[in-house]
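Visitor: I'm new here and would like to learn how to read salt bridges. Could you walk me through some?
Guide: Happy to; let's take a look together.

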Amino acid sequence: MINQLYIKEIASSLSLSEWQVEHCVELIQDGATVPFISRYRKERTGALDEVQVAQIRYMFLGYQELDKRKQTVLNSIEEQGKLTETLRQRIEECCSATALEDIYLPYRPKRKTRASVAKERGLEPLALQMVTFNVNGLVQIAKKYVNRELPSTEEVLQGACDIVAEWISENGRIREALRGYLSKYSKIASKVVKGKEEEGEKFLNYFDFAQDVAKVPAHRILAMLRGEDEGFLRVHLECDDEAAIRLVSRIFFDGNRCGDHENFTRLSAAVKDSYKRLLYPSIEREVIRLLKERADNESIKIFGENLRQLLLAPPVGRKRTLAIDPGFRTGCKVVCLDEQGNLLHNDTIYPHPPVNEKIMAMKKLSNLVEAYKIEVIAVGNGTASRETEAFIKRISFPHKVSVYSVSEDGASIYSASAVAREEFPEYDVTVRGAVSIGRRLMDPLAELVKIDAKSLGVGQYQHDVNQTLLKDKLDDVVVSCVNSVGVNLNTASKHLLSYVSGVNAAIAGNIVEYRDEHGPYSSREQLLNVKRLGNKVFEQAAGFLRIPGAENPLDNSAVHPESYALVEEMAASVNVSVKALIGNKELIDSIEREKFVTEQRGLYTINDILSELAKPGRDPRSVIKVLEFSNDIHSIEDLHPGMELPGIVTNITDFGAFVDIGIKNKGLVHISNLSNRFVRNPADVVKLHQHVKVSVLNVDIKRGRIGLKLLSAEGD
């Protein structure tokens with residue numbers, strides 16, 4: 001049974017209709033994946049896109065965790081014998097983890113406190129009298145509680161005030177109001193730990209720093225908290241304490257007047273004590289934690305957007321490729337790959353100092369290009385990259401060969417991984433790394449899914465954010481990209497197949513095993529013969545798997561098998577075969593779409609099918625282009641302010657974009673230098689892999705930092 005409160009909350013939060021959210025949740029509970037729901041169940045959800053479906057799933061899973069916590073809270077309070085029907089209802093109707101914890105706080109088992117000691121000494125009745133506000137002669141009443149353990153009236157009154165202070169700190173209204181006040185009006189501040197100035201120099205910008213909580217960007221929050229974790233900074237909130245105390249006092253007294261001046265004085269002191277000793281430290285931790293969560297979510301979102309662009313980078317396609325992992329002293333590792341990415345040959349050349357075997361290296365590369373009919377050359381962009389590219393361009397090859405610079409980020413991670421060892425058990429890490437560089441050029445998506453996304457160099461503070469949330473987000477992005485492009489059933493690795501909708505690692509292995517035993521798949525229906533791949537997995541996966549050259553041409557399209565009969569009806573309506581209909585725009589446009597609408601399928605599905613038939617199996621990725629770096633710079637020492645240079649965007653953060661200008665050090669275009677207009681989000685201005693023209697603003701050789709200004713971007 002779906003909790004309708006949660007459906008309402010999700011719908012309100014995402015500005016969607018409740019029926020859309022409810023139907024989407026039903027599909028999720030039935031095991032449907034995000035790509036499948038957004039692509040093949042548009043009628044059920046009102047055409048929710050992948051982002052909306054993913055948001056609904058994320059929020060619903062969060063509410064399921066909240067339900068578990070609610071049950072724990074209910075059990076705890078019931079064991080104490082304090083669970084009333086009113087309290088149960090408040091808990092069951094709660095839709096916020098923070099609000100739930102506020103409700104639970106007075107009942108949460110505690111360690112020994114000043115208030116618990118006072119209660120043990122019998123002072124709770126006095127505290128209850130005080131908070132009725134109608135006490136007369138408080139001191140005289142307090143004298144009745146004087147005993148051996150509490151020998152003075154002052155100790156009695158202080159104990160009663162300790163109880164009141166704890167009640168104030170557990171008041172849900174007060175906590176919510178103070179939380180809101182600090183979230184809106186405080187500053188997050190950091191100070192250097194005394195004596196750590198030199199050791200913590202990398203956090204110099206945060207040695208004496210403060211910024212409004214409401215305005216501080218994610219990267220600063222994460223930087224400050226990292227500095228605190230490493231022992232160089234102390235992070236805290238700064239606010240107007242007197243204004244905060246007035247806020248707490250106003251809610252506590254709630255318009256009540258104290259007839260007894262002593263009672264008013266004592267209660268006012270209890271408010272201040274509660275704020276300084278209990279409330280503020282507690283809410284300060286909460287607000288900083290909420291800031292961290294906000295920073296995590298923003299950073300993870302940026303990482304996800306960057307990863308999507310990286311995975312969907314233009315492929316060079318199925319071309320015979322020579323890949324080079326450049327180096328100076330150890331030489332350049334060279335591999336030759338066929339159109340499928342299979343390793344044909346590997347070698348090492350030494351065109352650079354200290355060996356300088358340029359002539360021999362030229363002959364070897366020329367021979368390899370001719371012998372293996374090489375069409376493109378991929379050069380890793382690490383050490384000796386520019387020198388290797390320049391060297392290659394001086395070689396007169398027997399036929400035209402295009403040369404591309406390819407990111408090496410994560411290549412070393414892949415080459416030492418279990419996936420690489422399984423693929424190339426007889427080769428060392430240098431060969432595996434070079435193969436990865438070549439395959440990245442051929443098909444970035446198929447190769448990069450083998451590498452931990454955190455190692456791909458496209459995030460900000462990725463090791464500081466919530467690792468579970470990060471992994472979930474990155475997995476979602478990979479799944480989304482893999483399924484939006486589609487996967488060739490007869491060439492995909494089991495690692496790539498494991499990201500197909502509905503397919504897990506075990507089933508992916510079984511798909512490859514069946515292919516190895518029985519030869520290439522000739523139809524999607526054969527998948528039902530694969531071990532552990534039943535009807536449910538087939539339903540989720542089939543539409544995202546492609547079989548080029550299949551007997552049924554629909555098997556190489558995004559049309560789901562459940563709609564094959566519909567396509568046959570469409571083809572029959574214009575008196576042609578399915579094969580003749582595919583790609584024939586004139587015939588497709590002539591089909592009467594409304595004629596095929598039924599209770600089970602609507603125009604969303606029909607329009608998607610006809611669009612796919614017009615351009616079946618279309619790759620959503622753009623065409624790759626070669627970028628020529630400036631020939632005048634080879635290191636940071638060659639730069640000076642005012643230079644205008646070509647570059648390529650390699651990473652986007654919330655404070656700007658990093659640009660490769662052809663040297664080891666990446667330059668930063670700060671958000672303020674991305675445009676002449678105000679920029680809120682750098683991703684609105686530039687994209688990953690976009691070719692740009694930049695000017696050099698400043699160069700810090702000692703720190704290896706380059707400041708750039710964006711002049712123009714490809715596509716503007």
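Guide: Start with Arg-621 and Asp-443, whose side chains meet in a salt bridge at 2.8 Å, N to O. The term covers a side-chain nitrogen of Lys or Arg within 4 Å of a carboxyl oxygen of Asp or Glu. This is a predicted model, where local features need pLDDT of at least 70 and side-chain atom pairs count only at pLDDT 80 or more, while totals for chains, interfaces and linings use all residues. Residues are numbered from 1 along each chain as its sequence is written, and side-chain values use heavy atoms, leaving out hydrogens and water.

Visitor: Is Arg-621 buried or exposed?
Guide: Buried means under 20% relative accessible area, exposed over 50%, and partly exposed in between (1.4 Å probe, protein chains only). Arg-621 is buried, at 12%, whereas Asp-443 is partly exposed, at 25%.

Visitor: What general idea lies behind such pairs?
Guide: Side chains of opposite charge can pair when their charged atoms come close. Here, there are 48 salt bridges in the structure. In one of them, Arg-179 meets Asp-102 at 3.0 Å, N to O. Arg-179 is buried, with 9% relative accessible area, and Asp-102 is buried too, with 8%.

Visitor: Which residues do salt bridges with shared partners join into one network?
Guide: That network holds Asp-30, Arg-41, Lys-536, Glu-539 and Glu-562.
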